[in-house]
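Colleague: I have just opened this structure and would like to learn how to read it. Could you walk me through some of its features?

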Amino acid sequence: MEGLLMIAAQVMSVWFTLAFTLIVLPSVFGLSLGISEFYMRILVKTLEWATIRIQKGVKKKQAMALKNSASSGIIQRDETTMEKEIAGLRRVDFELSDVFYFSKKGIEAIVEDEVTQRFSSEELVSWNLLTRTNVNFQYISLRLTVVWVLGVVVRYCLLLPLRAALAAIGIVSMIVGTTLVGKLPNSRFKDWLSELVHLTCSRILVRALSGTITYHNKENRPQKGGICVANHTSPIDVLILTNDGCYAMVGQAHGGLMGLIQRSTVKACPHVWFDRSEMKDRHLVLKRLKEHVADQNKLPILIFPEGTCINNTSVMMFKKGSFEIGGTIYPVAIKYDPQFGDAFWNSSKYDIVSYLLRIMTSWAIVCNVWYMPPMIREEGEDAVQFANRVKSAIAHRGGLTELPWDGGLKRAKVKDTFKEEQQKNYSKMIVGNGPTGNLSMGAESD
Amino acid sequence: MGSRASTLLRDEEIEEIKKETGFSHSQITRLYSRFTSLDKGENGTLREDQVNFRGFMRTLAHFRPIEDNEKSKDQNGPEPLNSRSNKLHFAFRLYDLDKDDKISRDELLQVLRMMVGVNISDEQLGSIADRTIQEADQDGDSAISFTEFVKVLEKVDVEQKMSIRFLH
């Protein structure tokens, strides 16, 4: 028994020493030893090989069906409006056949809508050797299965312990480092040291996820006194961005481990954490953020205006609150490559711990980050219009579709006002618009 | 992952649904994954009305375009769910809330109220309902039977109005 403990202790120390020299030290200086690049090259080659095997193995007709199902929808929607379908050329009145229009539209929405699909993981065109994405693909060949088993072994027995160790190192050093820095008096040196600590820990944590991030247009990186705005896919987004720069976080104060991290980091660097009760007071939140932005020496704030995690195929409504603060907005577009690992956090399906486990047993997290030129609110533009303008820019840059719907629909039902609008439209059609009974509703209907 | 396996669709079930509804294999699997994504409680049924997947498919089958039946003409089998008559029957059941094979004035009023919300007064809605029943009623029972319903809609292109283009 004692002998076993000795061996375990020795293995652990070797493990940690390796991790320290190969990963932690380079992180401090922002260097890379090329290990992850090597890993990625092998990974890409393996996945390409797997794709070719699958394409050969699957019959041609089925392959076409697979391609279609991943890209197109289930139905082709009929885009005729209520006006055309019901009113048409007839006189003002109700007819029994009107029910066809409503039932058809209802069934169309039940079968396929723009929003529900955004809250589940993106479907892949070809399998990436992970069990969790094996929805449409069936058994192909023995060789492929062997490679898959090897993959499982590598991911769970080799990568997972390594990544977990790194994550632990990263979090502990973040807490310890920022607490120590927090003890210093405020000075330029303290700021510099705090930045170093934050950057180092971010880099360690990103490597804990085997993150391969490509930053584009670094000249547009957010400056002090600005607001950084990005599309939201997962809590990892924060790490992706802090890997390359320092930001002041904004968020709700949590308890537990997260709360510990929040409390220690705020001593080193002025992050903005709100209590639950303060969050409800919109004016208070706005005021504090305005004060922060007004101070040109403070780090740029990081905000995700969608308010919730979306599956990285589209950008949903940007809440106007972030755009009322004033100051310069630095939009950032983040696009993950789902082939190597799905970064989307489906919070209604997985809690944070199972989510992190899934991330750590994927192949890697690969993403592209585009820094975009700063935007400011123009004359005569209100917060909503400005928010939409920034949203379009981000969607365009990241190659994501743009949706006007609220991300809150993930959990809440659609507002009744939408239904009431349709009812109003229909009523006008069957009753008419007053004594003239005019049927031209076009200008009024939205 | 374990709970997902127990709700996966078996091949025999897919064949049964195919025969009953006329959807293709790939359409059924796609609609099944849609059904599971809507079924948030993961108990195999959709919310209040407790519609299970078979019921879901049966309802959707009514909306298949009629031309699709040309390929699989089965003269001896039961009438396909998306025939003109069955589509009309589906629409009739939308109005006939108590399922007594008659659309009464009250039922018509209830459905109308759902469609117009608060925008039309009770009196006006009542007169619309009265007029509709008057025009359709032939046997003088102040209600619309299925035959009378069909007669009223004989000139309507039901196939076009009540069909959804399902892909592949």
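**Reading the two chains**

Modeller: Gladly! Let us start with burial: in chain B, 42% of the 168 residues are buried, where buried means under 20% relative accessible area, exposed over 50% and partly exposed in between, using a 1.4 Å probe and protein chains only. This is a predicted model, in which local features need pLDDT of at least 70 and side-chain atom pairs count only at pLDDT 80 or more, while totals for chains, interfaces and linings use all residues. Residues are numbered from 1 along each chain as its sequence is written, chains are lettered from A and ligands numbered from 1 in the order in which they are written, and side-chain values use heavy atoms, with hydrogens and water left out.

Colleague: What share of chain A is buried?

Modeller: In chain A, 44% of the 446 residues are buried.

Colleague: How many helices and strands does chain B have?

Modeller: Helices (H or I, at least four residues) and strands (E, at least two) are DSSP runs, numbered from the N terminus. Chain B has nine helices and five strands, and its elements follow the order α-α-α-β-β-α-α-β-α-α-β-α-α-β from the N terminus. Chain A has 14 helices and 10 strands.

Colleague: How do I read the surface of each chain?

Modeller: Accessible areas come from the Shrake-Rupley method with a 1.4 Å probe, and for residues only the protein chains shown count as cover. Chain A exposes about 23,400 Å², with 62% of it supplied by carbon and sulfur atoms. For chain B the accessible surface is about 9,700 Å², and 51% of that belongs to carbon and sulfur atoms.

Colleague: And what do contacts tell me about each chain?

Modeller: Contact means heavy atoms within 4.5 Å. Take the contacts in chain A with a separation of 6 or more: 77% of them are between residues 24 or more positions apart. In chain B, among contacts between residues at least 6 apart in sequence, 51% join residues at least 24 apart.

Colleague: Which residues does A:Phe94 contact, leaving aside its neighbours within four places in sequence?

Modeller: Its partners come from both chains: A:Tyr426 and A:Ile430, together with B:Tyr95, B:Leu108, B:Leu112, B:Met115, B:Ile128, B:Arg131 and B:Thr132. A:Phe94 sits in the loop between α4 (82-87) and α5 (98-111) of chain A. With a relative accessible area of 2%, A:Phe94 counts as buried.

Colleague: Where is B:Ile14, and what does it touch?

Modeller: B:Ile14 belongs to helix α2 (residues 11-21) of chain B. Its relative accessible area is 3%, so B:Ile14 is buried. Beyond its neighbours within four places in sequence, B:Ile14 contacts B:Leu9, B:His25, B:Ile28 and B:Thr29. The C-alpha atoms of B:Ile14 and B:Thr29 are 8.1 Å apart, although 15 residues separate the two along the chain.

Colleague: How should I look at one whole helix?

Modeller: An α-helix has 3.6 residues a turn, so residues three or four places apart point the same way. In helix α9 (residues 256-268) of chain A, the buried residues are A:Gly259, A:Ile261, A:Gln262, A:Ser264, A:Thr265 and A:Ala268. They pack against α6 (142-182), α7 (188-208), β4 (248-252) and β5 (272-274) of chain A.

Colleague: What does the side chain of A:His232 make a polar contact with?

Modeller: A polar contact is a pair of N or O atoms within 3.5 Å; within protein, one must be able to donate a hydrogen and the other to accept it, and residues adjacent in sequence count only if both atoms are side-chain atoms. The side chain of A:His232 has such a contact with the side chain of A:Asp237, at 3.0 Å. A:His232 lies in the loop between β3 and α8 (236-242) of chain A, and is buried at a relative accessible area of 14%.

Colleague: Is A:Ser362 buried or exposed?

Modeller: Buried, with a relative accessible area of 1%. A:Ser362 is in the loop between α12 (352-360) and β9 (365-371) of chain A, and its side chain reaches the backbone oxygen of A:Arg358 at 2.8 Å.

Colleague: Where does A:Asn217 lie?

Modeller: A:Asn217 lies in the loop between β2 (211-216) and β3 (227-230) of chain A. Its phi is near 55°, a positive value in a residue other than glycine.
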